[in-house]
Each structure stands twice: as structure tokens, then as C-alpha cells.
Amino acid sequence: MTPKEVVQKSYEAFGSGDMEALSSLSHEDMVVKVNGMMSISGQYNGFQDFLQNMLARLPVLFTNFKVEPKQMFAEDRNVFTLCDLSGDGFAFTGCHYTVVEDEKIKEFHIFDDTQKLAHAMNAV
């Protein structure tokens, strides 16, 4: 698979709630960075850390949370994804940066509108 195909499959897995498929697309040394100063902001090391301490919290923090990829730009192993994020009380366009190595997600950096997310969490 190309890096872009790996990223496309990861959004499909996330959207359908298939964490097993998402895990299979993740490098054992994956690093995830979430911008902002929210309770879910920070760095996650490995898929299990990301799953347990960030992804599993999304349904608790945000009702009807959804990520819809709109456009992807790929160069070598780098993929930038413009996506629409929404849930009860918020909607915005975000950008995610993914580095793919050996057909696995090695790095994932989430550049979202953390102020809108924090507002939806009643944190501001």
C-alpha cells in the first residue's frame, strides 16, 4: 500500500469503530501528538496508549464525534489530510499530518481547532 492508502484505511477504520484494523495499521513505535491544552492534548507512545488515553475518551467528551477526511496530499511517506470534524456543539476543518513507514503509521500529529473542542467540553 502507498502511504496515502494506509492513511485512507486508517480513517475508514476509525470511522467504523474498527480499532483492531486501526491497530494493524499502526507501527509498534507510533507516536501521536495532539495540540492544545485540553485533557486529551499531549503525546501518546504506541497504539495502546493512544487508544486507552485518547481515543477511548472521545465518546465521553464529545457527543456524536465524527471525522470526515476531505482531501489528502502525499509526498514520499508524508500525508497531510484536511478533514471536517463535528459533534454536538462544534464543527470545523482540521489538518492531520501522518508519517508512514513500512506500510504502518509511524507518526500522527493532530492540528485541530482546540479552542472549539475545549468549548464543546465546557473547558473554557
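This note goes through the cavity, the pocket, the salt bridges and a surface patch of a predicted model.

1. Rolling a probe the size of a water molecule over the atoms shows where empty space is left.

2. Several elements each supply at least two residues of the lining of the largest cavity. The helices are helix 1, helix 3 (47–53) and helix 5 (114–120). The strands are strand 1 (26–34), strand 5 (90–101) and strand 6 (104–111). By class, the cavity lining has 22 nonpolar, five polar and one charged residues.

3. **The open pocket.** The largest pocket has a volume of about 260 Å³. It is lined by 14 residues. Nearest its centre lie F14, G17, M19, P59 and F65. The pocket lining splits into ten nonpolar, three polar and one charged residues.

4. **Where the pocket lining comes from.** Which element gives the largest share of the lining of the largest pocket? Helix 1 does, with three residues. Helix 1 (3–16), helix 4 (58–61) and strand 3 (66–75) each supply at least two residues of that lining. Helix 1 also supplies at least two residues of the lining of the largest cavity.

5. **Salt bridges, overall.** How many salt bridges are there? The count comes to three. Side chains of opposite charge can pair when their charged atoms come close.

6. **E68 and K70.** E68 forms a salt bridge with K70. The closest N and O atoms are 3.0 Å apart. E68 has a relative accessible area of 35%, so E68 is partly exposed.

7. **D84 and K70.** The side chains of D84 and K70 meet in a salt bridge at 4.0 Å, N to O. The pair links distant parts of the chain: D84 is in strand 4 and K70 in strand 3, 14 residues apart. D84 is partly exposed because its relative accessible area is 29%.

8. **E101 and R77.** A salt bridge of 3.2 Å, N to O, joins the side chains of E101 and R77. This pair links distant parts of the chain, 24 residues apart. E101 sits in strand 5, and R77 in the loop between strand 3 and strand 4. E101 counts as partly exposed at 25% relative accessibility. R77 counts as partly exposed at 38%. As for shared partners, salt bridges join E68, K70 and D84 into one network.

9. **Nonpolar surface patch.** F73, F80 and L82 make a nonpolar surface patch of about 250 Å². L82 lies in strand 4 (residues 78–87). Is L82 buried or partly exposed? L82 is partly exposed, because its relative accessible area is 31%. Patch members need over 30% relative accessible area, so L82 qualifies.

10. **V67.** V67 is found in strand 3. At 14% relative accessibility, V67 counts as buried, because buried means under 20%. The C-alpha atoms of V67 and L25 are separated by 18 Å. Along the chain, V67 and L25 are 42 residues apart.

Methods:
Residues are numbered from 1 along each chain as its sequence is written. This is a predicted model: local features need pLDDT of at least 70, side-chain atom pairs count only at pLDDT 80 or more; totals for chains, interfaces and linings use all residues. Side-chain values use heavy atoms; hydrogens and water are left out. Patches are made of residues with over 30% relative accessible area and no salt bridge: like charges are joined within 9 Å, nonpolar side chains (Val, Leu, Ile, Met, Phe, Trp, Tyr) within 5 Å. Accessible areas come from the Shrake-Rupley method with a 1.4 Å probe; for residues, only the protein chains shown count as cover. Helices (H or I, at least four residues) and strands (E, at least two) are DSSP runs, numbered from the N terminus. Buried means under 20% relative accessible area, exposed over 50%, partly exposed in between (1.4 Å probe, protein chains only). On a 1 Å grid over the protein atoms alone, a cavity is a set of points where a 1.4 Å probe fits but cannot get out, and a pocket is an open set with protein on both sides within 12 Å along at least five of seven lines; lining residues have an atom within 4 Å of a point. Grid points are joined across faces, edges and corners, and a volume is the space filled by probe spheres set on the points. Ala, Val, Leu, Ile, Met, Phe, Trp, Tyr, Cys and Pro count as nonpolar, Asp, Glu, Lys and Arg as charged, and the others, Gly among them, as polar.
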